[in-house]
Amino acid sequence: MNVRNCRVCGRIFNYVAGPGICPKCREESEAKFQDVKKFIQDHHNADIREVAEECDVTTNQIRQWIREERLEFSADSPVQIACEKCGEMIRSGRFCEKCKQQMANGFNEAIRPKRGQQVQKPDTQKGGHDRMRFL
């Protein structure tokens, strides 16, 4: 059993997975998220400060929900955050589409062997040391 203290209220709880907060604080956080989501749907042009004041949450919490892609603002909304790689303004997530594509291409290139480079297979014929033996 993994027991931890809640990062928000300090209560002891049985930790299973996810953020290190107790079930009660998680429920309260989810309720605040739903309030923020409803407020944004009703007030398309509200900025982050207005949403934070009206819903009694911090601007950092709203930014975290945007980065987690739980919240996304409409195209006409003044709310945008910076891409973590290039700084371009985006409405949701951590990276802009251009940076996502560059990273995906980089990952694909990293796992592919270079042209003209052959993958070396271990030579099991020399000396027979790598062969399986039965007794």
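**Exercises on aromatic pairs and pockets**

The count comes to two aromatic pairs, where rings of Phe, Tyr and Trp (its six-membered ring) pair if their centres lie within 6.5 Å. The model is predicted: local features need pLDDT of at least 70, side-chain atom pairs count only at pLDDT 80 or more, and totals for chains, interfaces and linings use all residues. Residues are numbered from 1 along each chain as its sequence is written, and side-chain values use heavy atoms, with hydrogens and water left out.

**Exercise 1.** Classify the pair formed by Phe 13 and Tyr 15.

*Solution.* Planes under 30 degrees apart count as stacked, over 60 as edge-to-face and the rest as tilted. The ring centres of Phe 13 and Tyr 15 are 6.3 Å apart and the planes stand at 75°, so this pair is edge-to-face. Both Phe 13 and Tyr 15 are buried (under 20% relative accessible area; 1.4 Å probe, protein chains only).

**Exercise 2.** Classify the pair of Phe 33 and Trp 65, and state which helices hold these residues.

*Solution.* With 5.2 Å from centre to centre and 75° between the planes, Phe 33 and Trp 65 are edge-to-face. Phe 33 belongs to helix 1 (residues 23–42) and Trp 65 to helix 3 (residues 59–67), so the pair ties together parts 32 residues apart in sequence. Helices here are DSSP runs (H or I, at least four residues), as are strands (E, at least two), numbered from the N terminus. Phe 33 and Trp 65 are both buried.

**Exercise 3.** Identify which charged residues sit over the rings of Tyr 15 and Phe 33.

*Solution.* The criterion is NZ of Lys or CZ of Arg within 6 Å of the ring centre and within 35 degrees of the ring normal. Arg 4 lies over the face of Tyr 15, 3.7 Å from the ring centre. Over the ring of Phe 33 sits the charged end of Arg 70, at 3.9 Å from the centre.

**Exercise 4.** Describe the lining of the largest pocket.

*Solution.* A pocket is an open set of points on a 1 Å grid over the protein atoms alone, where a 1.4 Å probe fits, with protein on both sides within 12 Å along at least five of seven lines; lining residues have an atom within 4 Å of a point. The lining comprises 18 residues, and Val 8, Ile 21, Cys 25, Ser 29 and Gln 61 lie nearest the pocket centre. Helix 1 and helix 3 are the elements that give two or more residues to this lining. Helix 1 gives the most, with six residues.

Technical notes. Buried < 20%, exposed > 50% of the residue type's maximum accessible area, 1.4 Å probe, protein only.
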